[in-house]
Structures are given as C-alpha cells and as structure tokens.
Amino acid sequence: LGGDPFATGLLVTSVQRGSYAARAGLRPGDLVREVNGRVVTSPQALARLGASEVTIERQGRRLTGVLR
C-alpha cells in the first residue's frame with residue numbers, strides 16, 4: 001500500500017459476499033482511515049460508529065464515499 005506507513009486505520013484483509021463491507025464496495029487491501037470524520041483504530045470502533053461516510057486508501061489514493 002502507498003501512503004504514510006505510520007498512519008492509523010484498518011486494513012481490509014477479506015470481504016464476505018453479501019456483507020456490509022461488500023455492499024459498501026470495500027475490497028481486500030483497502031485501508032479504512034476514517035468513518036464519519038473520526039479516525040478508526042479497531043474493528044469494534046468501526047462497528048460502533050455506524051458508518052455513513054468512509055475515507056479509505058486504495059492503491060495509494062484516498063477515497064471518500066457515503067455508504068447507504
């Protein structure tokens with residue numbers, strides 16, 4: 001992955017078919033940086049935030065999208 005190697009986030013290692021992550025368009029290798037403007041540091045924190053806007057890093061590019 002590109003970007004800052006010391007930045008925080010959650011690395012997506014797999015995505016199950018039909019899951020929230022799959023419906024959101026997440027892919028293995030994505031790095032989830034922020035959810036609703038908050039830095040995410042654990043899967044539990046991600047679940048608690050109830051995502052609507054997510055910032056990820058994919059192949060060195062930062063992408064922000066709204067999840068529905």
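Helices (H or I, at least four residues) and strands (E, at least two) are DSSP runs, numbered from the N terminus.

## Basis of the model

This is a predicted model, in which local features need pLDDT of at least 70 and side-chain atom pairs count only at pLDDT 80 or more, while totals for chains, interfaces and linings use all residues. Residues are numbered from 1 along each chain as its sequence is written, and side-chain values use heavy atoms, with hydrogens and water left out.

## The largest pocket

Helix H1 (20-24) contributes the most to the lining of the largest pocket, with 3 residues. Strand E1 (10-11) and helix H2 (43-49) are also among the elements that each supply at least two lining residues. The lining comprises 18 residues, and Val12, Ala21, Leu26, Val32 and Leu46 lie nearest the centre of the pocket.

A pocket is an open set of points on a 1 Å grid over the protein atoms alone, where a 1.4 Å probe fits, with protein on both sides within 12 Å along at least five of seven lines; lining residues have an atom within 4 Å of a point.

## The hairpin of E4 and E5

Strand E4 (residues 53-58) pairs with E5 in the antiparallel sense over 6 bridges, where pairing requires at least two DSSP bridges between the strands. The two strands form a hairpin with 2 residues between them, and glutamine 59 in the turn has a positive phi of about 50 degrees. Arginine 58 has arginine 61 in E5 as its bridge partner.

## Threonine 55

Threonine 55 belongs to strand E4. Its side chain makes a polar contact (a pair of N or O atoms within 3.5 Å, one able to donate a hydrogen and the other to accept it; residues adjacent in sequence count only if both atoms are side-chain atoms) with the side chain of threonine 64, at 3.0 Å.
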